[in-house]
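Please read the points below with the structure open beside you, and check each one against the atoms as you go.

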Amino acid sequence: MREEEKKPTSTIRRILKQRWALSAIYIASAAIILAAAFLLQNSFDDSAKDGKEESAETGKNYGEPSVEVNSNLETIKMPVADADKSVIKKQFYDVNADEKAQEEALVFYNNRYEQNKGIDIAMEDGKSFDVKASLSGNVTKVQDDALLGNLVEVEHEDGVVTRYQSVKDIKVAVGDKVKQGQAIATAGKSQINEEAGVHVHFEIRKDNIALNPLDFVDKQASAIQSATEAEADKEETPAVEGSEADKEETPAVEGSEADKEETPAVEESETDKEETPAVDETDESTDLESGTDEEGSVPGEDTTEESDSLKDSLNQSN
């Protein structure tokens, strides 16, 4: 049995001992490696072809116009189809305008004047016309109002809202998304401004503050944001003037000088010196020490002279 088991191993050894055995093994292994590489390359080529076909399908509509997504990139338009044939019946009330322009921008109703918060647009022929969306956005309000002549409100980005009043035959509802230039209603009349006839009252508001629409027509919607920020900076930053006013209102140097004037310490000391005759007391003490009285006489000298005269008289008598 052991000899039979050794026979296969001996045949393999015999084959390996041949000169051509190793070269044959190398050739076979190389053929296997090349075949595997070829199969992998074919699989990669197939996946690349699939990707090209998908990209070609997605690029079929490349030449068609794209839909505007960001309304800030849109240019604000008048809410009419033909702006050249339109006229403005009532201008926006501008606080910085002259007195005449402000009077013309007032709306008179029910014995009361009100400032016009937008512009009233009509056609030259006085006929009705389609009211177009000035910007793309979402409809947030549709209101029937006989006084204003009905209302449509469209909300945009960054707190910008466009309002269309004095309209009829409204074609949109709350929650609808409208594109710029889309017809949303038809021009009509309103009780608050009957003089304008058939018109549309158009407003642009930023954070519920009415702006002059003519200042932003044919400009990008982002100009509204930049304009309001610049106006807010002007109103909120008078820092330099305030600091100068504070300096003028605080005369610290003058106050210190006034305090000095109110405290005449030197004068009080001088008056104290005058009220205290210290020098007289010292003079009296020196007079007493020198033995003189107030009149300047010396009592000691008088007694000595009298004793000398007595001695002289006694000597003469003797």
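1. Tyr113 is exposed, because its relative accessible area is 58%, where exposed means over 50%, buried under 20% and partly exposed in between, with a 1.4 Å probe and protein chains only. Its ring forms a tilted aromatic pair with that of Phe108, at 4.7 Å centre to centre and 50 degrees between the planes. Rings of Phe, Tyr and Trp (its six-membered ring) pair if their centres lie within 6.5 Å, and planes under 30 degrees apart count as stacked, over 60 as edge-to-face and the rest as tilted. Phe108 counts as partly exposed at 46% relative accessibility, and the count by this rule comes to two aromatic pairs.

2. A word on how to read these values: this is a predicted model, in which local features need pLDDT of at least 70 and side-chain atom pairs count only at pLDDT 80 or more, while totals for chains, interfaces and linings use all residues. Residues are numbered from 1 along each chain as its sequence is written, and side-chain values use heavy atoms, with hydrogens and water left out.

3. Which residue is the bridge partner of Phe108 in E3? It is Tyr113, and the two strands concerned, E2 (residues 106-109) and E3 (residues 112-115), pair in the antiparallel sense over four bridges. Strands (E, at least two residues) and helices (H or I, at least four) are DSSP runs numbered from the N terminus, and two strands pair if DSSP finds at least two bridges between them. The hairpin of E2 and E3 has two residues between the strands, and Asn110 takes a positive phi near 55 degrees there.

4. The side chains of Arg112 and Glu114 meet in a salt bridge of 2.8 Å, N to O, the term meaning a side-chain nitrogen of Lys or Arg within 4 Å of a carboxyl oxygen of Asp or Glu. Arg112 counts as exposed at 52% relative accessibility, whereas Glu114 is partly exposed at 28%. A search of the whole structure finds seven salt bridges.

5. Another salt bridge joins Glu203 and Arg163, whose closest N and O atoms are 3.9 Å apart. Glu203 lies in strand E12 (residues 200-206) and Arg163 in strand E8 (residues 160-165), so the pair ties together parts that are 40 residues apart in sequence. Both Glu203 and Arg163 are buried.

6. Asp207 and Lys206 also meet through their side chains in a salt bridge of 2.8 Å, N to O. Asp207 is exposed, with a relative accessible area of 52%, while Lys206 counts as buried at 8%. Elsewhere, salt bridges that share partners join Glu153, Arg163, Glu203 and Arg205 into one network.

7. An open sheet of three strands has the order E5-E11-E9, with antiparallel pairing. Strand E5 (130-132) and strand E9 (167-168) stand at the edges with a single partner strand each, so one side of each is left without a neighbour in the sheet. E5 pairs with strand E11 (residues 183-187) over three bridges, and Ala183 in E11 is the bridge partner of Lys132.

8. How many residues line the largest pocket? There are 21, of which Ile209, Ala210, Leu211, Thr228 and Glu231 lie nearest its centre. Strand E13 (209-211) and helix H4 (222-236) are the elements that give two or more residues to this lining, and H4 gives the most, with five.

Notes. On a 1 Å grid over the protein atoms alone, a cavity is a set of points where a 1.4 Å probe fits but cannot get out, and a pocket is an open set with protein on both sides within 12 Å along at least five of seven lines; lining residues have an atom within 4 Å of a point.
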